Amino acid sequence: MAQTVKVIEQCQISPPPGSVPSTSIPLTFLDLPWLCCPPIKRIFLYEFPYSTQYFFQTFLPTLKHSLSLTLQHFFPFSANLVFPPKPNKPHILYSHDDCISFTVVESTADFTKLVSDSPRDVKDLHPFVPLLPSSRTLEDGTFLFPLMAIQVTVMSNSAFSICITFSHVVADGRAFHHFMKFWASICKSKGDLAFLEGSLSLPLHNRNIIDDPISLKPIFSEELWNLSLQNLNSKGLIHDVPSDMVRHMIVLSHDHIEKLKRWVSVRCKSHDPATLHITTFVVTCSLIWVCKVKSEEIKDGIILPNNDESYVLTFVADCRNRPQLSTQLEYFGNCLVSGNVVLKRSTLVAGNGILEAAIAIGSKVRYMQCEIFEGAETLMSNLTEFDKLGQHVTVIAGSPKLEVYETDFGWGKPKRSEVVNVEISGTISFSDCRDEEGKIEVGLALQKIQMKKFCTILQEQLREIAIL
């Protein structure tokens, strides 16, 4: 039986009155390209072994109050993106009455099914996802875009979820998860800031520390002025998805990953060791990318014709604490550069596909560590052009280093946390695992027949690797 939902409350949460002055924050050249990215949707699902009444009367007020206290320090999330007419530059503006849309919903959803390890209908999570409020247009033609919305969903006497939709232009994954852990810690302490003093690091909002070594900001600004702002405003809506599309969270154990590293290393003996870069990220990307491309041989019941088109894997690297930037981990904003690896389909589906992918990805990662701004000029075009390439692009989002499962609001680790928007963006998410250090959770969404093929191929590859 389909779940039913009931909206209990819709309100606005803002920083404590008078705690944050009106503030304008410029966008760096590392922020601007993310205006072309659909909003990020991240859900956290928690067990809650108490009554729904207890949740509403006791926990919900604490959740709201701790969010308000958190927004005092992470106020850009409650601000607006200001996009004025040319030649003025887009920026983030916090005004004293700005706030976040906060919705509370009650659902009859089966929590056990939602956190199941089996493939699930992608639509099962749609009722949990908040939409960003619509943009506004001022008399002079300036657009104002809200940057975050939050929905809390209660499942009767068993669980609750927190789902956040936010614009990537305001913050990257590290900055977002800094916000989430900060909020969770204050909530867990029931707002006792004295108890937390010294244990929580504050975000750094000074974006002037980001240099623009090759003057990309004017180029990106010009590209943005040529885009349709109405189109930007519509990004992130839940459009129709195939009726048979399923999402799945695959867990790779520490043993899987170590054997995969050894398997790649043994087959790389003929290569110069100085050029190899065999890491958990590299081998995991290689395995998942090859399995995904192979699974596309069957889609919608049709065997695709043999072709040798180029396939693209794109990923991002965090530049914080790099010598070229000297930016602290607490920097709030976007501090990411992207890397693309392009291989022919025939290479990926061949017997040495994982090996070839690992060599190419590892080489790109190593190069980016030395030349972090090399290729930075393509970040805008990557985000605007990849939609046109369809299934030939695989985008890796997230990282186990973000420690998603260390987000404890007082009821333990999340039972499951997922990037919801993998279903519409061709994205595959990576994160740490709730149960064991060293495991990696890989989240993706495919049509049912392709997912079945993907899982079969993955198990075959893991069995082959285990023989070594």
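H178 counts as buried, at 15% relative accessibility; buried means under 20% relative accessible area, exposed over 50%, and partly exposed in between, with a 1.4 Å probe and protein chains only. This is a predicted model, in which local features need pLDDT of at least 70 and side-chain atom pairs count only at pLDDT 80 or more, while totals for chains, interfaces and linings use all residues. Residues are numbered from 1 along each chain as its sequence is written, and side-chain values use heavy atoms, with hydrogens and water left out.

I will stay with H178 for a moment. H178 sits in helix α3. Helices here are DSSP runs of H or I with at least four residues, strands are runs of E with at least two, and both are numbered from the N terminus. Leaving aside neighbours within four places in sequence, H178 is in contact with F74, S201, L202, P203 and E330, where contact means heavy atoms within 4.5 Å.

H178 also brings us to a pocket. Which residues are closest to the centre of the second largest pocket? The space in that pocket is about 530 Å³, and of the 23 residues that line the pocket, H177, H178, K181, F182 and S201 are the closest to its centre. Helices α3 (173-188) and α4 (193-196) each supply at least two lining residues; α3 gives the most, with 8. For the terms: on a 1 Å grid over the protein atoms alone, a pocket is an open set of points with protein on both sides within 12 Å along at least five of seven lines, a cavity is a set where a 1.4 Å probe fits but cannot get out, and lining residues have an atom within 4 Å of a point. Grid points are joined across faces, edges and corners, and a volume is the space filled by probe spheres set on the points.

Next, the sheets. 7 strands form an open sheet with mixed pairing, in the order β7-β12-β20-β19-β17-β15-β16; two strands pair if DSSP finds at least two bridges between them. β7 (120-121) and β16 (336-344) are at the edges with a single partner strand each, so one side of each has no neighbour in the sheet. Helix α8 (residues 280-295) packs on this sheet and touches β12, β15 (310-318), β16, β17 (393-397), β19 (427-431) and β20 (440-447). The direction of α8 makes about 150° with that of β15. Axes are lines fitted to C-alpha atoms, for helices over the stretch in contact, and angles run from 0 to 180 degrees between N-to-C directions. A further helix, α10 (residues 353-370), lies across β15 and β16 and runs at about 150° to β16.

Now β19. Of its 5 residues, 5 are buried. In a regular strand the side chains alternate between the two faces of the sheet. In β19, T427, S429 and S431 point one way, I428 and F430 point the other way, and all are buried. β17 and β19 run parallel and are joined by 3 bridges, with I396 bridged to I428 in β19. β19 and β20 are antiparallel over 3 bridges, and F430 stands opposite V442 in β20.

There is also an open sheet of 5 strands, β2-β5-β4-β9-β8, with antiparallel pairing. Its edge strands, β2 (23-26) and β8 (136-137), pair on one side only. Within it, β4 (residues 80-83) and β9 (residues 143-146) pair over 4 bridges, and V82 stands opposite L144 in β9.

On to cavities. The structure holds 3 of 30 Å³ or more. α10 contributes the largest share of the lining, 4 residues.

Last, the cysteines. How many disulfides does a search of the whole structure find? The count is 0, a disulfide being a pair of cysteine sulfur atoms within 2.5 Å. For C36, the nearest cysteine sulfur is that of C37, 8.8 Å away. C36 is buried at 3% relative accessible area, C37 counts as buried at 15%, and C433 counts as buried at 10%. C37 lies in the loop between β2 and β3 (40-47). C37 and M380 are 343 residues apart in sequence, yet 9.5 Å apart in space, C-alpha to C-alpha.
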